[in-house]
Amino acid sequence: MLNINNINMDKNIKEKISYNILNIITESTYAKLEKLFKKHKSWEKALLNEILKQKYNFKYDPEKEYKKLEKNNIKLILFNDPEYPKLLKEIPMPPFGLYVLGNTEILNKKAITIIGTRKATSEGKLTAFNFSKKLSEADLIIVSGLALGIDSAAHLGCLETNGKTIAVLGSGFFNFYPKINEKLARKIINAGGTLISEYNIYSPSLAYRFLERNRITSGLSLGTLIIEAPKESGTLNTARYAIEQNRWIWVTPGPINHPNFYGSHELIKQGASLVTLPEDILKDLNINYENKDEKTILSEEEKIIYNAIKQFEKPIDIDKIIEITNLKTQTV
């Protein structure tokens, strides 16, 4: 059992060991954890008091359980830790702790959430992929839920441009879901991205937990992009959280009679921003975006010619370029 009197143990580590075991024995129930912390003001004190009361069945060893996290490179970040996402602190019911597998440095960088239905059309998945790719190129972190369909396409679009992406799980790391996306999860981590969960490592993938975790998916970001939201879906649940959190809501439109866009169009009617290009989002966020293709122009002459051509919406002939740039014919 946890040795509270061990003076060689860092106080923050004691808090993490205590929180982790309490998260296990309460089955990651937010209301129970909230009650314990409000009463005792410390996870360590809460653990000691619950041991004395023998309210819960303590069949786990707190220190051994914490070492399992360390062995599996899972980092536990508590609410008051410097690495805890600042945006997440602003939302109602912020997680008391986050289990993180991967790069913790990106948790406090500017991020955009991209979500949509699991049963996405091929066009919807391509839209998610392309938006994610462009937004990643603008140095934004892409957040999604690692589900099939739109979520997977968003993660993949980010990885295509060597960007960083965060996947928010609705289960514990020892009960990874969906299994089919384990390979994608490894790619995310290997590319410098992150998997996070508020649930203890043993937590199963229960339906209501995916709805709970949606407040984190939206809470990590400046705003949420909705791609294909049917009438009743977890996507709309995430959108409601984003509205409650006073974050941007962007929606891509679709065919008026397609069921995958019913919820999307309702959000637009209610005031969500209709977007058709990634640049629409960047403009809303006042982010200047330099296309990577422009960075491939190296010489001064090429830059002058390129900037001259950019002034026109239609193609221009070589004589016009010479006139504008005052360069020699052979150079142009």
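Leaving aside neighbours within four places in sequence, with which residues is F173 in contact? In this predicted model, F173 touches I74, Y99, V100, L101, L195, I196, S197 and I201, contact being defined as heavy atoms within 4.5 Å. Local features were considered at pLDDT of at least 70 and side-chain atom pairs at pLDDT 80 or more, whereas totals for chains, interfaces and linings use all residues. Residues are numbered from 1 along each chain as its sequence is written, and side-chain values use heavy atoms, without hydrogens and water.

F173 is also among the residues with the most contacts inside the largest nonpolar core, together with Y19, L22, L146 and L195. A nonpolar core is a set of buried Ala, Val, Leu, Ile, Met, Phe, Trp, Tyr and Cys residues joined through side-chain atoms within 4.5 Å; buried denotes under 20% relative accessible area, exposed over 50% and partly exposed in between (1.4 Å probe, protein chains only). This core comprises 32 residues, and α1 (11-25) gives the most to it, with six residues. Helices (H or I, at least four residues) and strands (E, at least two) are DSSP runs, numbered from the N terminus. Apart from this core lies another, of 21 residues, including I114, A153, C158 and V275.

In helix α11 (residues 262-269), G263, S264, H265 and L267 are buried; their cover includes β7 (223-227), α10 (234-244) and β8 (248-252). E266 is partly exposed at 24% relative accessibility, and K269 is exposed at 66%.
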